[in-house]
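Biologist: Can you walk me through this model? I'd like to start with the sheets, then go to the side chains.

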Amino acid sequence: MSDFLLQLDSRTLAGFLQATRDAVLIASTERKLVYANRAAQDLLGYSLEELQARDILDWIAPPYREWVAERIQQNRTAAPGIFEIALVRKDGSWRYVRYSILYLEIEGQMYGAAIAHDLTETRQTLRRLEALYQADEKLYASLELDEVLQALVDVCVDLLGADKSCILIWDETHQHLITRAQRGFTSQFVQTMNEYAGRGLLVHAARSGETVVVQDTHQDERVARQVTDPEGIRAFMHIPIRLNGEVFGVFSVDNVRPHTLGPEEQRAFTSLARRAAVAIRNARLYAEAQGKAALEERQKLARNLHDSVSQAIYGIALGVRTAKTQLARNPEQAPAALDFVMNLAEAATAEMRALIFELRPESLQQEGLVAALSKQAAAARARHGLRLEASLCPEPALSLEAKEALYRVAQEALNNIAKHARAHKVHLRLQQEDGMVRLEVCDDGVGFDNQREYPGHLGLVSMRERIERLGGRFWIESSPGAGTTVQAVLPLPDQAR
């Protein structure tokens, strides 16, 4: 030990222990606390007197109590080291800590001294980063606007811990906000919101573009409690969703208990709203592209979509630098945090490729149907993780319109497999024989009853219409639990037979 430390008196050492930001606790082998510094009292939420009146195992989280009790019994024989456990605060919440322990003998009595560093904020930051990564997968799983909006509120509740969530968007007059997606609310709430949403904090957020945060609805005079009280809402945050510099709508995050939405949590939900804005922009561009008949218009929209996603990737790259800054206080955690952010960038890149393949059919004219199907298969593997095998014949002598029809059938079939089939294996086949070209997409998924009608699902109707309009045949073979096979057959022109 340094000679300098030996010269320090007990008062000075006690001052050091009180000033440190890490929790210091000293207990006897009878599990009675004899000392806890201010950081330890703040960490556990108890006063020193309350801590001294309890068994130290009372504030060890249940999964770790037996292990801690064994180490106390071992005292001198226990190997030193650094461990991670969870502590239970007075309010019942858990705090995860990394702690080291040493044993002291004072006047013949053994004591254990633990130094604990709070990891909770770091772990929460990593969980939020992981949640945002998973959110990207859900937000980009569809190009239908309503499905994207519903995915946003689902992510808010399932991954980021909100109790309820809803999205309201401007009506055509830009005077009222209309509920477009919600999770956790009653149908009466939706009606009330649609009646009320021309005023109040929601509209303020939409018109000003400013995020509104309310930590306790019972203590904030701005709150319309005739709206929040019936749903039991006690805290909320309204986040504007911006598209092309204008507010598209408002993303509302709601809790049923008073809740301190701190800066880290606000940043997480704001980041989610920004990610959602990119997915919403993609969905709107896709919807616009679907309404265009000419290939040139679809190509133009594809380039616009490419630009928008590229900007998103650039923004994620900037987020890497931000993550470095935010985690500067915990450098040992920085690599993991940066890995999550970089995974987001990789996911956005894969999404960009998949969307471009879906919206740019010029490869049909320049490279042919076989090349386009090969790219579609690669995109399906990258985007959805499908185990897909492709068996493709040489390029068939079909018209561009016929090639596009088969390409769109394959695209829709693969999208349906990714959304609904829960398949392990997928086969994509293109065959040419007896003057016919046959496309087949089959999977070993859950299947469905193809004798039933599915209102609102226009993909199957669209596929059939495309093929039959060109004089071909289209059919689906499926039943629950038996997978699905989609087949489309088109005749070759006479001169190509």
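**Sheets and side-chain pairs**

Modeller: Strand 6 (residues 164-170) and strand 7 are joined by 6 bridges and pair in the antiparallel sense. Strands here are DSSP runs of E with at least two residues, helices are runs of H or I with at least four, and both are numbered from the N terminus. Two strands pair if DSSP finds at least two bridges between them.

Biologist: Before we go on, what sort of model is this, and what are the cut-offs?

Modeller: This is a predicted model, in which local features need pLDDT of at least 70 and side-chain atom pairs count only at pLDDT 80 or more, while totals for chains, interfaces and linings use all residues. Residues are numbered from 1 along each chain as its sequence is written, and side-chain values use heavy atoms, with hydrogens and water left out.

Biologist: Back to strand 7, then. Which residue is the bridge partner of tryptophan 170?

Modeller: Leucine 177, in strand 7.

Biologist: What is the strand order in that open sheet?

Modeller: The order is 7-6-10-9-8, with antiparallel pairing across the 5 strands. Strand 7 (177-183) and strand 8 (212-214) are the edges; each has a single partner strand, so one side of each is left without a neighbour in the sheet. The twist from one strand to the next averages 20°, taking axes as lines fitted to C-alpha atoms (for helices, over the stretch in contact) and angles from 0 to 180 degrees between N-to-C directions.

Biologist: Which strands does helix 7 lie across?

Modeller: Helix 7 (residues 145-158) lies across strands 6, 7, 9 and 10, and runs at about 55° to strand 7. Contact here means heavy atoms within 4.5 Å. Helix 9 (residues 200-208) lies across strands 6, 7, 8, 9 and 10, at about 30° to strand 9.

Biologist: Which residue forms a salt bridge with arginine 180?

Modeller: Aspartate 146, with the closest N and O atoms 2.6 Å apart. A salt bridge needs a side-chain nitrogen of Lys or Arg within 4 Å of a carboxyl oxygen of Asp or Glu.

Biologist: How exposed is arginine 180?

Modeller: Arginine 180 is partly exposed at 36% relative accessibility, and aspartate 146 is partly exposed at 41%. Buried means under 20% relative accessible area, exposed over 50%, and partly exposed in between (1.4 Å probe, protein chains only).

Biologist: How many salt bridges does the count come to?

Modeller: The count comes to 19. One of them joins arginine 429 to glutamate 440, also with closest N and O atoms 2.6 Å apart. That pair links strand 12 (residues 426-433) to strand 13 (residues 436-443). Arginine 429 is partly exposed at 25%, whereas glutamate 440 is buried at 16%.

Biologist: Which cluster do they belong to?

Modeller: Ring pairs link Trp67, Phe83 and Tyr99 into a cluster.

Biologist: How many disulfides does the structure hold?

Modeller: It holds 0, where a disulfide is a pair of cysteine sulfur atoms within 2.5 Å. The sulfur of cysteine 166 is 9.4 Å from the closest cysteine sulfur, in cysteine 156, which is too far for a bond. Cysteine 166 is buried at 2% relative accessibility.

Biologist: Last one: is asparagine 244 buried or exposed?

Modeller: Asparagine 244 is exposed, with a relative accessible area of 67%. It has a positive phi of about 55° although it is not a glycine, and it lies in the loop between strand 9 (235-243) and strand 10 (246-255).

Methods
Phe/Tyr/Trp six-rings, centres within 6.5 Å; stacked < 30°, edge-to-face > 60°.
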